[in-house]
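This briefing goes through one protein model, topic by topic. Please keep the sequence and the structure open while reading.

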Amino acid sequence: MNIAIIGAGLAGLTAAYELRHGRHDGRDDKVDVYEATDRIGGKLYTVAFEAGPTDMGAEAFMARRRDAVEFFESLGLGDSLVEPSGLRSLLWSGGAVRELPTGGVMGIPGRSDTVAHLVSADTAALIDAESDRPGFFWPTPDSDPGDLNVGTLVRERYGDEVADIIVSPLLGGVYSCTADDLGVRATIPQLAAEFDRLTAEHPDRLVHLSTAVRNLEAQRAELPTGHGAVFNAFRDGYQELYETLAEQSGADIYIDAFISDIERADSSSDAAAPQYKLTGGEDTLYDHVILAVPAPTAALLLKRVAPDVAAALSKVKLANSAVVGMRFADGSGLPENSGILIADTADTAKPDVRAKAFTLSSKKWPHLAERGGALVRASFGRYGDNPDLAITASEDDLVDWALDDLQTITGFDGREAGLEEIYVQRWFGGLPRYDEGHVGVVRDVDKQLAQVPGISATGAWAGGVGVPAVIAHARDTARAVG
């Protein structure tokens, strides 16, 4: 078979690798990978700082996903995996730095004692009394939309403070969205699964948020210890992964190759096994095309060959963000913490804070600390920001804001400490908005795409956020090509 993959990010490169190594039917497929930009890796991007390779996109993955760890080991990258220092993160709220709460599920508490230092007494009382109030209706996964909005749910059950001060900063660091732009099933699947379990015991499908969270906390407490850190990273950055995948895939990879259209090469619209031509690609007829691009791009490419799929995919919106990487000669004034989440951006006593989070990378990762100096990453941008600083701000402004905000929050004067290297990376449409309708959209796309022979799709919008989820979906997609 001739197979084309559009997109040389993590999903596309993983699919290319799986087509070569994961299939056991003896076929020797020809695989071409097309990448519109001038490099491979997609949202994984390792830049060459003088002190060593430094990630300016994703920097870590969930190491408790053993399927991902085993996959990396099969690539020969097991010795490259490193663990974080274990230092706690902080939360900037009300013009002061506070301890990030422990327990709970993505910031959603099961009781008030873990968040009492962050919320009012009235909110604490609301949390503790939540299970005494009538429960709320939890939808079945196959209903429409089959999910609830995180922000709406938390506000109704616990109040605005929990949503704004705790949950939105935690989710925003992962999804570049506030809690009000995200769905429970789409972003907190373990909580959704517990709601599903509880509703099986209650025919009226009424459940309580605090009960579900406390149940998950109890389950977590029963897990055996000694299984290593929750997160891992690659010693020399994610370039180790995406370059290895590209090399071992055996695929022909074309960069600066913008594919603008997909069309059927046969004249019969009902052919069971059509071939496809790619506008902007090689002069080749492809038996199968895998789209490993953001949902809006996939929608544009599918307008001709799968208009219903394109219409469904066009509902997925994207969030923009920016990362400012800074290396300082002296980091002795930084707090002994791994990062800082920012709950509010305005305070009457201090200047506005524009960043949404800081990763104190050389504190978080011992292998980076060994290089000397200090490495800090500042993150900007959430879905719906007005203005969208990740897009509209100049690089100079982003750097100035990063330095100013870091000093406001920690007292660390980066200019005085010696700013030796800077890198600004903008992520245009870096992540999908996983709202309460997202799971339903993906379900509809899967059903409709199954009726289109020779076309598959994968990526973060389809498999979920996070490196392990993207890899798992891409591998499954490649194995299904037949």
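Where is the place of M106? M106 sits in the loop between β8 and α3. The model is a predicted one, and the protein in it is divided into domain 1 (2–40 + 241–317 + 434–480), domain 2 (101–222) and domain 3 (318–432).

**Backbone geometry**

- Most residues other than glycine have a negative phi, and most peptide bonds are trans.
- M106 has a phi near 50°, a positive value in a residue other than glycine.
- With a relative accessible area of 29%, M106 is partly exposed.
- R205 also is not a glycine and has a positive phi, of about 60°.
- The loop between α7 (189–200) and β10 (206–207) holds R205.
- R205 is buried, its relative accessible area being 17%.
- D144 and P145 are joined by a cis peptide bond with omega near 10°; P145 lies in the loop between β9 (136–137) and α4.
- The peptide bond between N386 and P387 is cis, with omega about 0°.
- P387 belongs to the loop between β19 (374–380) and α14 (389–392).

**Domain 1 against domain 3**

- The C-alpha centres of domain 1 and domain 3 are 34 Å apart, and their contact takes 10 residues from domain 1 and 6 residues from domain 3.
- The size of an interface is often given as the accessible area lost when the parts come together.
- For domain 1 and domain 3 the buried area is about 580 Å², with 72% of it on carbon and sulfur atoms.
- On the side of domain 1 that touches domain 3, the residues divide into 7 nonpolar, 1 polar and 2 charged.
- Across this interface of domain 1 and domain 3 there are 0 salt bridges.
- Between domain 1 and domain 3, 1 residue pair is in polar contact.

**Salt bridges**

- The count of salt bridges comes to 23.
- R111 counts as partly exposed at 35% relative accessibility, while E217 is buried at 16%.
- R327 meets E420 in a salt bridge of 3.0 Å, N to O.
- E420 lies in strand β20 (residues 419–432) and R327 in strand β16 (residues 318–328), so the pair connects parts that are 93 residues apart in sequence.
- R327 forms a salt bridge with E421 as well, with the closest N and O atoms 2.6 Å apart.
- The pair of E421 in strand β20 and R327 in strand β16 links distant parts of the chain, 94 residues apart.
- R327 is buried, with a relative accessible area of 12%.
- E421 is buried, also with a relative accessible area of 12%, whereas E420 is partly exposed at 45%.
- A network of salt bridges links E18, R475, D476 and R479.

- D55 is in strand β4 (residues 52–55).
- The relative accessible area of D55 is 9%, so this residue counts as buried.
- Apart from its neighbours within four places in sequence, D55 is in contact with Y45, T46, G237, Y238 and R377.
- The side chains of D55 and T46 are joined by a polar contact of 2.6 Å.
- The D55 side chain also reaches the backbone nitrogen of Y238, at 3.0 Å.
- R157 has its place in helix α4 (residues 150–158).
- With a relative accessible area of 5%, under the 20% limit, R157 is buried.
- Leaving aside neighbours within four places in sequence, the contacts of R157 are L126, E130, R133, P134, G135, F136, H208 and L209.

Conventions: Residues numbered from 1 in each chain as written. Predicted model: local features only at pLDDT ≥ 70, side-chain atom pairs only at ≥ 80, totals over all residues. Heavy atoms only, no water. Domains from an automatic or database assignment. Contact = heavy atoms within 4.5 Å. Buried area = accessible area lost by both parts, 1.4 Å probe. Salt bridge = Lys/Arg side-chain N within 4 Å of Asp/Glu carboxyl O. Polar contact = N/O pair within 3.5 Å; in protein donor to acceptor, adjacent residues only side chain to side chain. Nonpolar A, V, L, I, M, F, W, Y, C, P; charged D, E, K, R; others polar. Helix = DSSP H or I, 4+ residues; strand = E, 2+ residues; numbered from the N terminus. Buried < 20%, exposed > 50% of the residue type's maximum accessible area, 1.4 Å probe, protein only.
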